[in-house]
Amino acid sequence: MTTQSSLDGIYYDGRQPVGVKATLNISGMGVTMTGQVAAQHYRLADLHVSPRIAQADRFINLPDGGQVQCPDSALLDILPQEKSEGLIAWLEAKVVVAVLGIGTIITAMLAGYFYGLPKAAEYVAARVPVETERTIGEQGLAWMEEHKWLQPTTLSEEAQTVLRQDFDALRQGLAQESQYRLEFRNAPVLGANALALPGGTIVVTDALVSLAGSRHELAAVLAHEIGHIEKRHTLRLMLQNSAVVLVVATVIGDAATLGVAGVPAVLAQAKYSREFESEADEFAFVLLRQHGISPESFAKIMLRMAEQNQKTKSKQPAGFLSTHPLTNDRIERAREAARSGQ
């Protein structure tokens, strides 16, 4: 007497990713598949079943390249079995090992994001041509003007001239001296702010000029922004926030891939890391002292902006401090630099 048994599952033809319901009817040495497919017949010896892994579904591999996915069943033991992959199969069956493996992968990804990616960004940024970096900065400036973030300045020509003289003195002798450009804009959306764009352009808002108590305080802000440019922080930040672009630029060596859609918006809303802020601060302290300006001016302007932000908290963004987080230790470091003369 012939014994007949059946298995219900999902059939995949090996060409389309969509499965359909199917039933395998096993009788003697043959198998017939029915269901939402045309009836097909196979020899039992031509089928192979994937190894058993805990309670996971198993796959019956068909000779024409198709598969049937079905729950584990004792009936599958009568079908030809695929060879177990030894250590791999053992690892797959161990829940603890699987969890540890997932944890290891997550740890590796986090390490790559927090340590590997910044290093890679620094490597790529150092190799981006100045012309490409300037183009990215111009795109950012044009985007902010087009979206009315930046409007024509209301500062007098006299005020602009004085500040440009101070700026020219600060940039003298720096590595990127010839690339620097100072721009003034009225920017109600940004408030008292200063922006360092790739390629050497620094934008100072009218509100920041009005808020400053002295030329030295404005010079302190300019020195800080110069630090961001000299260290290429904005470009490095953009690379870190665009991992796919970073990988492409690294692999094919084409810096032109950096000029992608959305870059201007990223530049306009960039928030520097604590490490970048510390680097720019330290650079500014040294640069200020080289020009006879005490780093105390840096502490003063930051405190002045913090006080203004408290008064206008509900009326406008945090301005300069929204992209340069205020911390007591930064102010204290500025004062320590002033006291120590370093």
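Trainee: At what angle do helix α10 and helix α13 pack, and how far apart are their axes?

Mentor: Please keep in mind that this is a predicted model. Helix α10, residues 274–290, packs against helix α13, residues 328–340, at about 25 degrees, and their axes are 11 Å apart. That angle makes α10 roughly parallel to α13, since angles under 35 degrees are counted that way.

Trainee: And what is the handedness of the crossing between α10 and α13?

Mentor: The crossing of α10 past α13 is right-handed.

Trainee: Which side chain does R333 meet in a salt bridge?

Mentor: R333 meets E282, with an N to O distance of 2.9 Å. R333 belongs to helix α13 and E282 to helix α10, so this pair ties together parts that are 51 residues apart in sequence.

Trainee: How accessible are R333 and E282?

Mentor: R333 has a relative accessibility of 22% and counts as partly exposed. E282 is also partly exposed, at 39%.

Trainee: Which residues are linked with R333 and E282 in a network of salt bridges?

Mentor: The network links E277, D281 and R330 with E282 and R333.

Trainee: What about R339; which residue is its salt-bridge partner?

Mentor: The partner of R339 is E332, and their closest N and O atoms are 2.7 Å apart. R339 counts as exposed at 54% relative accessibility, whereas E332 is partly exposed at 39%.

Trainee: How many salt bridges does the structure hold?

Mentor: There are 20 salt bridges in the structure. One of them joins the side chains of D46 and R43, at 3.1 Å from N to O. D46 is partly exposed, with 27% relative accessibility, and R43 is exposed, with 53%.

Trainee: Last one: which residues make the nonpolar surface patch of about 270 Å²?

Mentor: I102, I106 and L110 make that patch. I106 lies in helix α2, which spans residues 95–125, and I106 is partly exposed, with a relative accessible area of 43%. In general, an α-helix has 3.6 residues a turn, so residues three or four places apart point the same way.

Methods
Residues numbered from 1 in each chain as written. Predicted model: local features only at pLDDT ≥ 70, side-chain atom pairs only at ≥ 80, totals over all residues. Heavy atoms only, no water. Patch = residues over 30% accessible without salt bridge, like charges linked within 9 Å, V, L, I, M, F, W, Y side chains within 5 Å. Areas by Shrake-Rupley, 256 points an atom, 1.4 Å probe, with all protein chains shown as cover. Salt bridge = Lys/Arg side-chain N within 4 Å of Asp/Glu carboxyl O. Helix = DSSP H or I, 4+ residues; strand = E, 2+ residues; numbered from the N terminus. Buried < 20%, exposed > 50% of the residue type's maximum accessible area, 1.4 Å probe, protein only. Axes fitted to C-alpha atoms, helices over the stretch in contact; angles between N-to-C directions. Parallel < 35°, antiparallel > 145°, perpendicular 65-115°, else oblique. Left-handed = near helix turned anticlockwise from the far one by under 90°.
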